[in-house]
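Hello,

Here is the structure we talked about handing over. Please open it first, then read my notes below.

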Amino acid sequence: MKKKQKVVEEPEQINPLGLACDDDKKEEEENEPLIKAKRLKPEEEEEVVYHPVKLSRNDLYRPPTAEELNQLKEAETLFHCSLLKMQMDELLKEVVLGERRNQQISSFIQTVTNLLQNVPTSPKVEVNDLSWLSGAVKVPFLLMPKTTKGKFHMATPASIDLIGSYPLGTCIKPNIKVDLAVTMPAEILQPKDFLNQRYPRKRALYLAGLAQHLTSSPEIGTMRFSSLHGNRLRPVLLLTPPGKDSSRFTVCVHVCPPPGFFKPSRFHPDRNNVRTEWYTGLQTPESSEPPTPHYNSSVLGDLLPRAHLQFLSAVGAQCSAFSDGVALLKVWLRQRELNQGTGCFNGFLASMLMAYLLVTHRISNTMTAYQLLRNSLNFLASTDLTVNGISLAKDPDSTAPSLVDFHSAFQVVFVDPSGHLNMCAEMTACTYKQLQHEASLSLQFWDNPTVDGFQCLLMTPKTIIRTSDHVFQLCDLVKLQTSCKKQNLMSELMDRSGNYIQTALRFILSLLQQGLGQRIHLLTHSLSPDTEWSVESEAPKYKAHPPLSFGLLLRPELAASVLERGPPADNPKAAEFRQLWGPRSELRRFQDGAITEAVLWDGNSMWQKRLVPEQIITHLLQLHADIPKSCVRYVGALVDDVIKTGCQVPSTGEEESLLVVQSYDDLSRKLWRLEELPLTVTALQGAHPALRYTQVFPPEPLKLDYSFFDREKTSRSLVPKEDKPCPHYVTPITVICHMEGSGKWPHDRLAIRHIRAAFHIQLAELLKKHHNYTCKPCPTHLDVWKDGLAFRIQVAYHREPQVLRESVNADGLLVVRDNEEAQALEMITIHKPLLTSTLHGLQQQHPSFGAVCRLAKRWLAAQLFSDDITEDTADLLVASLFLQPAPFTPPGSPQVGFLRFLLLLSCFDWRNNPLVVNFNSQLTAADYTEIKNDFMASRDSLPVMFIATPKDKKLSLWTRRAPSIQMLQRVMVVAAESLKVLEHQLMDGSQTQDVRVIMRPPLDAYDVLIHLNPKQVPLLSRAVDPPTVTFSRGVITDGTPQSGGALPVIDYNPVSLYLNELREAFGDLALFFCDPYGGTVISVLWKPKAFVPAPFKTSQMTARTAKVTGEEVKTVPNVEAILEDFKVLGKGLVKSVEAKFEKWTF
């Protein structure tokens, strides 16, 4: 039997790791054990013929092997599901090098080796004499001081060996680096070359000589110098093959001394190998020479690479999954930006860590790659190498330093098998704490069945700007030289061969850790990149170093405190406190009678308080490191500007929201106490974003200027004057008032409405009588003017939605049928109040939640998406960032929360996954499975954006009507671009700083632009770019708001009313978009289907014109008349209508 099947080409898969897998895909295809298909001629129909594989009966029913049983058991016990195991296996296939790539590398290595074995010998010269070197190649070394003793000449390498990850089998994509160790001949070196940078300089000269020799070869592509993990004492030569393979991999040439040339004991952390007199010119007794541990470890590191490779090869040979385990750990480190730069936890350390765990029997040789990764992270999370270092040395010789010796010289200690080298010599304590934190965080969500562990663990990049709550940069790093002098760090500077950045960094980190104290969970810093430069250029100076970035992970409950309380005045620690804070420290008496040292920071609003860490950082750096404020670029709250209001006390809405909530609470208490109602109030629930702290611009208490308004004759309410600008927009704050149940409630929908209207009238009379509030009852609601705020009370009867669903058919039978009216009523009276109270609780747990919502909704409104992603939907999206933040921690600042909101919008797979917002952890793992299964079973009938909550598992009530698939795709594209632009703005200080650029929508794509008269746009001052000219809106700014007096017009916004009219009249022809917060342009997009000629019908001639073609009469939209109607409908509001005819494609 033969089966015919059509050939279908699968689209190229997007790879989040950015892994280069083009060639290796070809290899995989070549190596696939599939039966070859016969491909037919192009002119024939493309089809593939599959021949069935014939298996004997014994093969068909053969019992599983021991290996297969182990795999099945592993998938069942170790993983949430077999999917995670398959994902890990697929990832390893993607990152491990294929056969074709290995052949390319081997061929190029052979070429380089052959070239290097023919290096010519040059005559001996002084080390300082560079005349033998052609001008085309420079020495990759900063000569500070300029001269040192010794002779040098070029000679053929003693040996050339592969070292590092490639021969070990742990080299992974995408950045493939193959390390090649070139051993200098012993005659070039002298026994005392370990002193005063003699060996490092000869090493650099030899490397320059190799580069000069290779320059003339056409078999070498590009050549560049770099430094090994940012260490300028250890330059390396980077080679790439010529032609199209130049970007595929890099060969990194290291220069090493002959094995055993220097005694390891000479590089003890307590010994000095850089003399003060040589470095500074100042004579110092030999007994008082400071130790040079970092210089010593740099030289010692060149002696041991071959020994390290032999050790790792021996350990790896005993564990079949060793290379795969290291590969997974490298991917994990790469996604967290911990694998490159000065003091990083590189792939070599990852291999050594896994080897340590195998040697000490913390993990077994039979474990899988998955188990190796998990146990490695568990070890990192639970072991603090800054306090208790570890050593791979089984029997170190008597001259080897002890762990105590290493701890006294280095912040992090991990000793190699020789017992002499600390492999973490360059790592700061902060970097290791970050590593620990990330490992601990990964383990937290690893076993959580409600989290996609694979995606969070290995596929999500964690950049410093997305991970840290606040970020700041130190620019103009040459100022750190002054810091080193002020803190008398000259010995450390000598040890680091003049690298004042790394010298000052440790002091700055310690200072900031001390000053920020309990305000932060974690202080991180960017790892200085491995600088690359052309072989024809001088080694870049330290002042060319890019800005240093620092990240703060805040404790929200303590970070915004304006008071730093110190010890009592008579306490010995008071002097330390005064020394740390300088003139900012002063004695203060507190309410409990204590007199203590204290520092008070500026901060009247929550926005200012969030920036207290900035005040601390700039003060300490200026005081102790002579780093002026101009050199500190703090980007913790730059994005907050777009929702900032107030001139004297800038605010991002927290204080205004609190005032609204307090006024609402007071109104609630007064409504509860009303006793003259026929039915008692059973519940009062807020149903407005301001009551959950998420209103973009919360309502502000107003004092009205009565001269600005006319009076309405019967009720004496205030109405706008025709010649005045549109008055200030008064937001109605919706409150749902539930009355108790009673058998006297009618079962007729009209009667229920009359009863509700009667309640509104009686509530108005009672509030006026007891509290003198100005009230205006309406059939649907009651408006109450209190404290300069307008509350809109709606009485609700819990059975009314059910009554709306009931109807009697022609046979007199009661029929219950769902309808939009009942759904809308349920949404207003049940679902919105519940969501408001739930999100109010979330705000109490996470102080930055409301501000993140306000930023997110401001962006959606500015980009004209607020009708598609509604306020409630946006609040739910932001809530998910706080309730399920993996792989991050919950956002601790509005800015980082907003960045993650854009990331969620742009990257979430809405087609295949529901977004589950698990309020109060009510949903179990079984619930998640049920939601996912129901979602997949009914995918085609469900909303495009599906959001599930504990009270709404199957319907996604909030996104039922919007967005459409086209609008969601548009939102995702704009979010991705906004994220890219914003992150670049925040991290690149050389750019013009204008974060509002992401709030300005591109208007080129629209067909018609309706320009509005700014005078009639009530929220004009809230625009992204507010105009310089402002209009009086009938509000007294300095007055105290009152509850009595005349009632203004509530919820009067000409722009939204005009938009509603346009959609009602022309919604079948076009889409209308506008920024509700001060937008002065309404953008119109024609619907292509509306312009398809339709058969002539007299009943369907609205806004259409007839076109006669022969005997056929068709109708098409009358565009000129429609544009004229736009003007007529918006008379007084519309300034002009701009039609972009060139954009129209009908």
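**Charges over rings**

The charged end of R374 sits over the ring of W446, at 5.4 Å from the ring centre. A charge counts as over a ring if NZ of Lys or CZ of Arg is within 6 Å of the ring centre and within 35 degrees of the ring normal. R565 does this too: its charged end sits over the ring of F590, 4.2 Å from the centre.

**Ground rules**

This is a predicted model, where local features need pLDDT of at least 70 and side-chain atom pairs count only at pLDDT 80 or more, while totals for chains, interfaces and linings use all residues. Residues are numbered from 1 along each chain as its sequence is written, and side-chain values use heavy atoms, with hydrogens and water left out.

**Aromatic pairs**

Rings of Phe, Tyr and Trp (its six-membered ring) pair if their centres lie within 6.5 Å; planes under 30 degrees apart are stacked, over 60 edge-to-face, and the rest tilted. By this rule there are 30 aromatic pairs. The rings of W278 and Y279 have centres 6.2 Å apart and planes at 50°, so this pair is tilted. W278 and Y279 are both buried (under 20% relative accessible area; exposed is over 50%, partly exposed in between; 1.4 Å probe, protein chains only).

For Y500 and Y542, the ring centres are 5.8 Å apart and the planes are at 75°, so the pair is edge-to-face. This pair links distant parts of the chain, 42 residues apart. Y500 is in helix 20 (residues 500-516), and Y542 is in the loop between strand 14 (532-534) and strand 15 (548-554). Helices (H or I, at least four residues) and strands (E, at least two) are DSSP runs, numbered from the N terminus. Y500 and Y542 are both buried.

One aromatic cluster is formed by F194, Y199, F261, F262 and F267.

**Backbone points to check**

Two peptide bonds are worth a look. The bond from A886 to P887 is cis, with omega near 10°. P887 lies in the loop between helix 30 (871-883) and helix 31 (894-907). The bond from A962 to P963 is also cis, with omega near 5°. P963 is in the loop between strand 30 (947-948) and helix 33 (965-987).

N196 is not a glycine, yet its phi is positive, near 50°. N196 is buried, at 7% relative accessible area. D626, also not a glycine, has a positive phi of about 55°. D626 is partly exposed, at 28%.

Best wishes
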